[in-house]
Amino acid sequence: MEVQEIAICRSVFYYPTLLRRPLQHQVLYTSTCRFPNYPSKFPKSTKVPLLHRSPRPRCTSSMESPSEGYRKNVGICLINPSKKIFAASRLDLPDAWQMPQGGIDESEDPKVAAIRELKEETGVSSAEVLAETPSWLTYDFPPEVREKLKHQWGSDWKGQAQKWFLLKFTGNEEEINLLGDGTEKPEFGEWSWMSPEQIIDWVVDFKKPVYKEVLAVFAPYFQ
């Protein structure tokens with residue numbers, strides 16, 4: 001991976017296409033960099049099919065169940081004391097950055113799911129819940145992504161219905177570990193603290209409407 005003037009800390013790099021080995025023999029490499037800023041020059045490309053138009057996210061009351069056909073999911077907007085937002089690049093799509101998110105288990109409380117997913121994906125357990133979105137927000141998968149996930153999950157979901165939580169990071173950055181807590185396969189390769197504008201810039205197009213809605217709800221906490 002090309003190292004430019006990027007501020008990336010405690011990264012995990014994964015090269016499945018280069019290794020050409022069975023999954024059990026693929027290697028995870030870890031490294032530490034000194035500059036905890038944000039990515040400045042990435043090639044703006046992604047393997048995810050982008051929508052020509054981004055529809056507004058559908059909203060349902062937090063007291064209601066998510067729309068039928070959508071997978072229940074939580075999103076985590078983690079901010080540091082400088083009001084920057086945690087984002088990470090996907091291992092399967094290195095040019096696609098996003099905030100942590102994950103599925104909700106059967107009968108699991110969404111807030112509990114958010115705390116669990118944050119630890120599973122980033123190793124972070126030192127965080128305080130500040131706020132949550134008042135409604136479920138949904139996005140549709142592009143056809144190619146839907147087909148891929150149907151084989152991966154064994155279920156054909158139209159998209160995801162998300163409940164978002166804002167958390168304040170209260171720990172030391174050394175706590176951040178993209179290997180997670182070891183209970184799940186790593187999902188991210190690099191991480192950085194970003195501004196809301198940078199978050200919107202680097203997320204894939206089909207998630208942008210939900211991200212804009214989420215960041216608008218949490219905007220008072222970024223001041």
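Me: Before we get to the sheet, what has to hold for two strands to pair?
Reply: Two strands pair if DSSP finds at least two bridges between them, and in this predicted model strands β4 and β10 pair in the parallel sense over 10 bridges.

Me: OK, and where does Ile79 sit in that, i.e. what does it stand opposite?
Reply: Ile79 stands opposite Lys168, which belongs to β10.

Me: Which way does β8 run relative to β10, parallel or antiparallel?
Reply: Strand β8, covering residues 127-132, runs antiparallel to β10 and is joined to it by 5 bridges; among the residues concerned, Ala131 has Leu166 of β10 as its bridge partner.

Me: And β9, how many bridges there?
Reply: There are 4 bridges between β9 and β10, and the pairing is in the antiparallel sense, with Asp140 having Gly159 in β10 as its bridge partner.

Me: Why is β10 described as largely enclosed?
Reply: Because 10 of the 11 residues of β10 are buried, the strand is largely enclosed by the rest of the structure.

Me: Switching to helices, which residues of α5 are buried?
Reply: In helix α5, which spans residues 208-217, the buried residues are Lys208, Pro209, Val210, Tyr211, Val214 and Leu215.

Me: What do they pack against?
Reply: The buried residues of α5 pack against the strands β4 (70-79), β5 (85-90), β6 (97-98), β9 (135-140) and β10 (159-169), and also against helix α4 (196-202).

Me: Now α2. Is Glu117 buried or exposed?
Reply: Glu117, which has its place in helix α2, has a relative accessible area of 7%, and since the cut-off for buried is under 20%, Glu117 counts as buried.

Me: What does its side chain have as a polar contact?
Reply: The side chain of Glu117 is joined to that of Arg116 by a polar contact of 3.0 Å. If neighbours within four places in sequence are left aside, Glu117 is in contact with Val74, Ile76, Gln101, Gly102 and Gly103.

Me: And Thr122, which helix is that in?
Reply: Thr122 is found in helix α2, which covers residues 110-122, and Thr122 counts as buried because its relative accessibility is 1%.

Me: Which backbone oxygen lies 2.6 Å from its side chain?
Reply: That is the backbone oxygen of Leu118, which lies 2.6 Å from a polar atom of the Thr122 side chain.

Methods:
Residues are numbered from 1 along each chain as its sequence is written. This is a predicted model: local features need pLDDT of at least 70, side-chain atom pairs count only at pLDDT 80 or more; totals for chains, interfaces and linings use all residues. Side-chain values use heavy atoms; hydrogens and water are left out. Helices (H or I, at least four residues) and strands (E, at least two) are DSSP runs, numbered from the N terminus. Buried means under 20% relative accessible area, exposed over 50%, partly exposed in between (1.4 Å probe, protein chains only). A polar contact is a pair of N or O atoms within 3.5 Å; within protein, one must be able to donate a hydrogen and the other to accept it, and residues adjacent in sequence count only if both atoms are side-chain atoms. Contact means heavy atoms within 4.5 Å.
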